Structures are given as structure tokens and as C-alpha cells.
Amino acid sequence: MRATVLFGLALAVATVAWAEEARAPQDLGTGIHLLPGGSYPDRGPDGNTTVIDAPEGLIVVDTGRHVWHSDGILHFAAAAKRPIVAIFNTHWHLDHSSGNGRLKAAFPGARVYTTNAVDRALAPGGFLARDLELVKGLLEKPEFSETRKDDFRLFIATMGEQDVLRPDVVLSSSGPMTVAGKALDVHVTDKAVTDADVWLYDRQSGIAVIGDLVTMPVPYFETACPGRWSAALDEVWQTPFKLAIPGHGDPMSREQFNTYRTTFQSFVACVRSDKAVQQCGEVWTNGIVPLMGDKPGAKEKLQRGGEYYTKMLRENGGKSKDCLAE
């Protein structure tokens, strides 16, 4: 069974994710709010959403997967009595972009800012196109619960309106931008989590919104180029942010981000060595467990995830099957 972060088929995700209840929006100060994502039993996760209060309206960074997550974004806009005028997708994984259509239906003037990386995923033989064929064949299989099949149907529905995953404004290079009257530093990676990812730095607040360049409790390597990803983490580190908002997990201080960054790099080095799978799992576990707080069974779940991704990456020469670099 293919592992994927897109609609919840992965054993890797299922064995390391903690089920979470929906959490209230968090005011991070200076007009930036976090609408936390979550993971739920037998479902794929929703990534975090960041909402930036700009002079001309709301900028939404990532839109989640499930209807309840996008409903939360719409409720936030309604309570704020402000329109959604811009949507940034940090990358095309559907737990960060499936809500695009629902937000644009409510706010037709909202423009999607992202890269063209989704085009290869949607093309024949691409990651999403392959998954679509796989999922269609799973709906009749009795071993999958109706809850899981609901996610399959959601994936199929999203693929049916796939143009909402494509950019209205193509981001192809890094640099300063003013969006809805808000000045932002926009960064575009050259292959990392996907062919091209987006992360933002707001100088006013000192907050970096970094998408799946950081995911807790494990990195999602399914479409990744680990070496380029490591370089992207270095670029984030060189930015004088005070707080980093990951794609999955709680906001991080600079110290916490650096712990993740250095552990990631040590883990990738281990994967590319001849060390035992268990040793590489321990590299990940020992580095990340201090960031996990008091979550029950954290070490066991981190170890399982580290070992899983060690095997997956080694099967493809130290990178994902879909990586075009390295």
C-alpha cells in the first residue's frame, strides 16, 4: 500500500499520528492567527492554516482537507467581518489545498498564490493521478471502513475540481511581495517537500509560515528531495524569525526549529549511510522526543516513523520516488 499524506492511506501516518480534537484559533499577535490542523482516527490529517489580517482583507495560508476545517476558516472570516482576498498554498499536498474550492466559492475574488508544481502531480502518471486510479479501486473493498471511504470520496471530489489547486498567481521565485496591502517576504524552494514549495516571512511580526518544511511528529517524505529539503531548512534558519508555524504541529521557537533542523539533517545522513534501520530510527527519536512534551508513547511512535521512512527512502536511493533531484 502506497504511503501518502494526501488522503490517509499511509501506515506511516496512521502509526505515528496522535488523534486530536479540533482546537480554537490562536492569536499569535500583530494580526496573525493560527487555525490548527489535526489528525483523526481513520482519516487523513488537515494541515495548519495561518490567517493574516491584511489591510485589504484576509490572507489564508493553506486551506486543509476536510469540510470542517475549511468551515472553520469561513467562520473565522465571518466573525472577523472581513473577506478572504488571497489564498497561499505552501505546496500541493491535499491536506493543505483541498479547501481552496470551498473558500473560493464563498469569496470568488480570492486569488490562489502558489507554484506550478501541482501540474506534474496532476499529469498522467503523476502522484495525484496515480493515487486517483488507486483510490477508485478501493471504494468497493470491504476492508476499508466507511470513515476511510469518506476520505477517498473527498479525494475523488477534489480531483474533479482540480483547477482550484492551480495558481491564479504563479510563484516562481523568491522576493518581497505586497499582497492585499500586506508586505511579505515570499520564498520559493527548488525542490524540497515537492518540486517547489512556498514559505512566507512577515517582518512586522517576526513570524515565518513554513508549511511542511516542518511536520510533527515525522517529516512526510513521499514526494520529497531530502537534500534540497535540508537546504531549505537552512534558508529558514538564516531568516531572523522569532516564531515558525509548521505545516503540522505547534508553533516553534527558534531553538525548537533548530532542534528539528539539525535532527532532520542527521537523520538524512544516517539514511544515506550503511547504518542499521534501527539506528536511523533512534537518530530521529532521540532528536525529536524533547519537542513532543508529555505525549504518551512518543518514543515508540517516533522510532516506528523513523524506521519506516528510512526503509522508504533507501528503496529509492535516499529520496522519494517522485524526486527529480539528487
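**Labels and their grounds**

Guide: The buried residues of helix H5 pack against helix H4 (118-122) and helix H6 (146-160). The model is predicted: local features need pLDDT of at least 70, side-chain atom pairs count only at pLDDT 80 or more, and totals for chains, interfaces and linings use all residues. Numbering starts from 1 along each chain as its sequence is written, and side-chain values use heavy atoms, with hydrogens and water left out.

Visitor: What makes a residue of H5 buried?

Guide: Buried means under 20% relative accessible area, with a 1.4 Å probe and protein chains only. In H5 (residues 127-136), Phe 127, Leu 128, Ala 129, Asp 131, Leu 132 and Val 135 are buried. Helices (H or I, at least four residues) and strands (E, at least two) are DSSP runs, numbered from the N terminus.

Visitor: Why are strands E1 and E7 said to stand at the edges?

Guide: Two strands pair if DSSP finds at least two bridges between them. An open sheet holds 7 strands in the order E1-E2-E3-E4-E5-E6-E7, with mixed pairing. E1 (26-29) and E7 (169-170) each have a single partner strand, so one side of each is left without a neighbour in the sheet.

Visitor: How do you know that E3 and E4 pair?

Guide: 5 bridges join E3 (residues 49-54) to E4 (residues 57-61), and the two run antiparallel. Pairing asks for at least two bridges. Val 51 stands opposite Val 60 in E4.

Visitor: Why is strand E12 called largely enclosed?

Guide: 5 of the 6 residues of E12 (residues 243-248) are buried, so the rest of the structure largely encloses this strand. Strand E11 (residues 207-215) pairs with E12 in the parallel sense over 5 bridges. Between them the chain passes through helix H7 (residues 226-237), and this β-α-β crossover is right-handed: with the strands pointing away from the viewer, the path from the first strand over the helix to the second runs clockwise. E12 also pairs with strand E13 (residues 252-253), in the antiparallel sense over 2 bridges.

Visitor: What makes a set of residues a nonpolar core?

Guide: The members are buried Ala, Val, Leu, Ile, Met, Phe, Trp, Tyr and Cys residues joined through side-chain atoms within 4.5 Å. The largest such core has 39 residues, of which Ile 59, Phe 88, Leu 128 and Leu 200 touch the most other members. H5 gives the largest share of this core, 4 residues. A second, separate core of 36 residues includes Ala 192, Tyr 201, Phe 221 and Cys 280.

Note on methods. Buried means under 20% relative accessible area, exposed over 50%, partly exposed in between (1.4 Å probe, protein chains only). Contact means heavy atoms within 4.5 Å.
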